[in-house]
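This report concerns a two-chain model and is to be read beside its sequence and coordinates. Please consult both while following the text.

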Amino acid sequence: MTLLKSPAVRVGISISIATGLYGISFGALSVSSGLDFFQTMALSLLLFSGGSQFAFIGVVAGGGTGIAAMSAATLLGMRNGIYGMQLNALLRPSGWRKYVAAHITIDESTATSTGQTDPGEQQRGFWTAGIGIYVLWNIFTAVGALAGSALGDPKQWGLDGAAVAAFLGLLWPRLKGREPVAIAAVCALATVLTVPLVPSGVPILIAAVVAAAIGWFSHGRSDEGMEPDVDPYAERHHHHIHSHPRHEATAPRHQAAPEEGMR
Amino acid sequence: MSLWIWLLVACLLGYLWKLAGYFVPASLLKNPRMSRIAGTMTIGLLASLTIVNTVASGQSVTLDARVGALAAAAIALWLRAPFLVVVLAGAGAAAGLRLMGWN
């Protein structure tokens, strides 16, 4: 009962439901892209990072090889390492908890935790969101995979269109400001230009290299692109129209972004 | 079978990324370039995956019902629809356009 009075726990539960539910779309798209039920479940149980999972099946759906799918998923997982550093400094888990915390370190659990200021709330937010999303994401992946296999011709149901929408939905919250939009445009262009020239799946990796080069040589916000797909504190942000919404929820990232004033 | 192997490799590397964060010295966190690359790469990969799934058919670039899905999803996102509604809008647009005979 007292646990439910914690704001972080309540945010964690609602973000778990919102994020978990879209596991349905992952499950359905995964089986329609050619993975079987068990491969789909293995991705949700073991990889457990929405962007990387969608990347893996997206490359397979386009006819890419397993290596290309693995590479795209792995490159997209790099940001979880950054989240891990932030959370380790914030929560200081010890012993076996470190290994469990690592597995549930994703966009949403990180955002739920770093959006709190009280250390106890940061702990509760992380664990509630992380465990809650893990459980619901896997349940709904199974539901989606079973429904997807029952659907028949995926094109007739527009499931290839659903995949397009899913990727745009993952990208959208990260397009705050002119610079991320420019990065997205350059990488999209690089992709279209290389599709006819290299094997399927490889254009995505070329775009990753382009994006990494932009990150290496340019100086902008260091938390660019590090937004959760579902923002746990979206409601609160509506009251701060002109301030930068993500920044309040990601206070620890502030110190690493000296050029913030530019924006 | 080989898909299973790459799938499991992806899972292992994905976990190692996460775990690495908990074991590298905190001083690395002070290096903004690391997290900046992680961020720009996330944007670039998602943009690339969006466009590949919209226009690529194997190694050729085609415009078909998926373009309608992209437009429908963009409108839904602009109207602040939740993720699941965005996905349904994309599926609905692609399925609807095919019913009307566009691919």
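Buried residues make up 50% of the 103 residues in chain B; a residue counts as buried if 20 or more other C-beta atoms, placed from the backbone, lie within 10 Å of its own, as exposed if 12 or fewer do, and as partly exposed in between. The model is predicted: local features need pLDDT of at least 70 and side-chain atom pairs count only at pLDDT 80 or more, whereas totals for chains, interfaces and linings use all residues. Residues are numbered from 1 along each chain as its sequence is written, with chains lettered from A and ligands numbered from 1 in the order in which they are written.

**Chain B**

Chain B has four helices and two strands, arranged along the sequence as α-α-β-β-α-α. Its radius of gyration, 19 Å, is well over the 13 Å that the globule rule gives for 103 residues, so chain B is more spread out than a compact globule. Here the radius is taken over C-alpha atoms, and the rule is 2.2 Å times the number of residues to the power 0.38. Helices (H or I, at least four residues) and strands (E, at least two) are DSSP runs numbered from the N terminus. Along the principal axes, the C-alpha atoms of chain B fill a box of roughly 60 × 40 × 25 Å.

**Chain A**

Chain A has 14 helices and zero strands. Of its 263 residues, 59% count as buried. The table sets out like values for the two chains.

| Chain | Contacts between residues at least 6 apart that join residues at least 24 apart |
|---|---|
| Chain A | 74% |
| Chain B | 41% |

Two residues are in contact if their C-beta atoms, placed from the backbone, lie within 7 Å.

Helix α9 of chain A covers residues 119-151, 33 residues in number, and reaches 47 Å from its first C-alpha to its last, close to the 48 Å expected at 1.5 Å a residue. That expected span is 1.5 Å times one less than the number of residues. Just after α9(A), A:G152 takes a positive phi of about 85°. Within helix α9 of chain A lies A:G148, which counts as buried because 25 C-beta neighbours fall inside 10 Å. Leaving aside neighbours within four places in sequence, A:G148 is in contact with A:G27, A:A28, A:V31 and A:S32. The C-alpha atoms of A:G148 and A:S113, 35 residues apart along the chain, are separated by 34 Å.

**Interface and core**

At the interface, 72 residues of chain B are in contact with 92 residues of chain A. The largest share of the side of chain B that touches chain A, 24 residues, comes from α2(B). The residues of that side divide into 49 nonpolar, 17 polar and six charged. Ala, Val, Leu, Ile, Met, Phe, Trp, Tyr, Cys and Pro count as nonpolar, Asp, Glu, Lys and Arg as charged, and the others, Gly among them, as polar.

The largest nonpolar core has 109 residues, and those with the most contacts inside it are A:A72, B:L45 and B:A73. Such a core is a set of buried Ala, Val, Leu, Ile, Met, Phe, Trp, Tyr and Cys residues joined through C-beta atoms within 7 Å. Helix α2(B) gives the largest share of this core, 11 residues. Apart from neighbours within four places in sequence, A:A72 is in contact with A:A55, A:F56, A:V59, A:I204, A:L205 and B:L45.

**Confidence**

Chain B averages a pLDDT of 91, and 95% of the residues score at least 70; pLDDT is the predictor's confidence in each residue, from 0 to 100. For the complex, the predictor gives an ipTM of 0.91 and a pTM of 0.80.
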